[in-house]
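Let us read a protein structure together, one feature at a time. Ask as you go.

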Amino acid sequence: MYQILGVFGLFFTQLIHMPNIRNFSIIAHIDHGKSTLADRLIQHTGMVGEREFRDQLLDTMDIERERGITIKSNTITLPYKAKDGEQYALNLIDTPGHVDFSYEVSRALASCEGVLLVVDASQGVQAQTLANLYLAMEHDLAIIPVINKIDLPSADVNMVKEQIDQELGLDPELAILCSAKEGIGIEAVLDAIVAQIPPPQGDRGRPLSALIFDAYYDPYRGVIVSFRVFDGVLKAGDLVRFMFHNAVYKVEEVGLFRLQRQPSPELAAGMVGYLIAGIKTVADTRVGDTITLDANPAAAPLPGFKEVKPVVFSSLYPVASDDYQSLAEALEKYKLNDAALVYTKDSSAALGQGFRCGFLGLLHLDIVQERLEREYNQSLIMTTPSVRYKFQLTDGSEAAIDNPQFYPDPVRIQKAFEPFIRAALIIPERYMGAVMKLCLERRGVNSTFSYPSPGRIEITIELPLAEVVFDFYDRLKTVTQGYGSFDYELIDYRESDLVKLDILVNSEKVDALSTIVFKDKAREWGVRICDRLKEEIPRQQFKIAIQGAVGGKIISRSTISAFRKDVTAKCYGGDITRKRKLLEKQKKGKKRMKMVGNIMIPQSAFVAVLRSETED
Ligand SMILES: Nc1nc2c(ncn2[C@@H]2O[C@H](COP(=O)(O)OP(=O)(O)OP(=O)(O)O)[C@@H](O)[C@H]2O)c(=O)[nH]1
């Protein structure tokens, strides 16, 4: 059971026994400091010098750095010499905190034996702390509580210890006090990883079985697969088989994740790393699949991951119809790196050919759109998002509809059902009134309350999913001044009174803007959408009427008055370069618009209609 690693220095190759490997993840509520702690661990183990260091080392995507959030989990092997004088390989898998990305977390955890559960010393245990703890427990992992941000003046270590004891059921005395920002307690964290997280189990002598937990497409090298070896050994030159599709490839390179990929002679049981095998057929690689050796295959694949259940659906269309094929290829490559995205073909009268996609939430939808545009140069239109409804029809059949285009003829609907969730909200007691008001406005029912620790209240309440996915979290943050936290699970479908709300622009129905809504809220939604569209659609040379209609009856309207937009009017004096620049800018703006009938609708309008006013 030896693992040969070229990790510890450029020319230095050292044998690492499996007992000296630790696979761990950092989990926490959003913003409690996972990425900062990961940075410190990387720095402390001498992986980067002062000069190369930058914040959020593992957040490699531009979007992650700009937004300050982790979207993708990332892996790195840290060399660490522990107090016992032994050399260890610590494989860190960094994970995202937002509820929309919990699927990434659960996949990362399947490759670990333990976690650091980070809790902010001033905010204490939050809904996502609990949700992540449960995920770690489901995977039977060792859990090390870490109280971070102890440098903050508002830090209350005793309060957090009490919460760790009462709300998490963990031993508060084992909690490590730390400030990732100031570099306090980092050594203690590393020692605890070595002492408390068990080494991986597995057998180097058995047939190879390795679990794919991530992948991405590199235009030069093909698919780069991230995996954890459970049994056996994998070397460059081996013929491997991806068990799901029975696809066989010759391995060109295996290696470890350091700040860059580092080739290694082999990867054996217990280790985490990557392989490159000139894979150009993207569909052969599936996250959750098992890799084995073609010559000596494992008897059965590893259990893999739970199916993802998308909760929000929206269609993606290329702005220019000829880009459909390019979008199809981009989606296939993109999906490699985001297993939570699901999609099928779709078409719309207004927008042409495209794809119907399922997302884990609105943030996920946002990120997919932005990554497709940035990383794959796509120019996209996204339709109004919707949840999935169910209908019992008069002929006895059932229909599950997530695309308002396919809303059944109302005379054929016997019963309609909408998805419900059970939400857990943790808030300071003083916001109770405001939060309950919000929940009741959103048709919340069956609330129960508990008091996990002094001054805090946990509300469990059932709500229609459609009332929650769009802007509930933002509203909760607003009414609790940032102190409220929230987590949810889908529970069931319940009978409801639904209607289809159509939007007409200059009397022409725009199918991509239709939504399915709760009947009693149809007018409110109609007014809201008409108002939002009025803000989003630029004035044109003629008057534009926007109307909301249910079953042919107009329930709301707004009008955009005519306007002749001559952007060069300001350029008196005849500065031709300036004039050209302005026209160029206007052209760029148009690229993000879609002609619907004779109206230009900007890309942002389709999604904007459901966002809360507070976001603007
Ligand atoms: N004062 C103080 N601030 C900290 C500490 N650790 C992290 N922060 C700050 O807290 C904020 C969030 O930190 P991140 O490391 O990005 O949090 P995260 O948990 O990785 O966030 P997500 O990846 O988006 O879930 C940043 O502004 C950090 O600078 C700490 O020990 N002390």
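Q: How does α9 pass α11, in a left-handed or a right-handed crossing?
A: Handedness compares two helices: a crossing is left-handed if the near helix is turned anticlockwise from the far one by less than a right angle, and right-handed if clockwise. Here α9 passes α11 in a right-handed crossing. One caution: this is a predicted model, where local features need pLDDT of at least 70, side-chain atom pairs count only at pLDDT 80 or more, and totals for chains, interfaces and linings use all residues. Residues are numbered from 1 along each chain as its sequence is written.

Q: What counts as a helix or a strand?
A: Both are DSSP runs, numbered from the N terminus: helices are H or I with at least four residues, strands are E with at least two. The protein chain has 14 helices and 35 strands.

Q: At what angle do the axes of α9 and α11 cross?
A: Axes are lines fitted to C-alpha atoms, for helices over the stretch in contact, and angles run from 0 to 180 degrees between N-to-C directions. Helix α9 (residues 432–441) and helix α11 (residues 472–479) cross at roughly 160 degrees, and their axes come within 9 Å. Angles under 35 degrees count as roughly parallel, over 145 as roughly antiparallel, 65 to 115 as roughly perpendicular and the rest as oblique. So α9 and α11 are roughly antiparallel.

Q: Which residues of α9 and α11 meet?
A: Contact means that two C-beta atoms, placed from the backbone, lie within 7 Å. From α9 come A434, V435 and L438; from α11 come R475, L476 and V479. Five of the residues in this contact are nonpolar, none is polar and one is charged. Ala, Val, Leu, Ile, Met, Phe, Trp, Tyr, Cys and Pro count as nonpolar, Asp, Glu, Lys and Arg as charged, and the others, Gly among them, as polar.

Q: How do α7 and α8 pack?
A: Helix α7 (residues 324–337) and helix α8 (residues 362–376) have axes 11 Å apart, at an angle of about 110 degrees. That makes α7 roughly perpendicular to α8. A330, K333 and Y334 of α7 make the contact with R371, L372 and Y376 of α8.

Q: In what order do the strands of the six-stranded open sheet lie?
A: Two strands pair if DSSP finds at least two bridges between them. The order is β4-β5-β3-β6-β7-β8, with mixed pairing. β4 (74–81) and β8 (176–177) are at the edges with a single partner strand each, so one side of each has no neighbour in the sheet. Helix α5 (residues 157–166) packs on this sheet and touches β6, β7 and β8.

Q: How many bridges join β6 to β7?
A: Seven bridges join β6 (residues 114–120) to β7 (residues 142–148), and the two run parallel. V118, for one, has V146 in β7 as its bridge partner.

Q: What does a hairpin look like in β23 and β24?
A: Strands β23 (residues 389–393) and β24 (residues 398–401) pair in the antiparallel sense over four bridges. Four residues lie between them, and G396 in the turn has a positive phi of about 90 degrees. Y389 stands opposite I401 in β24.

Q: Is K161 buried or exposed?
A: Buried means 20 or more other C-beta atoms within 10 Å of a residue's own, exposed means 12 or fewer, and partly exposed is in between; C-beta atoms are placed from the backbone. K161 has 21 such neighbours inside 10 Å, so K161 counts as buried. K161 is found in helix α5.
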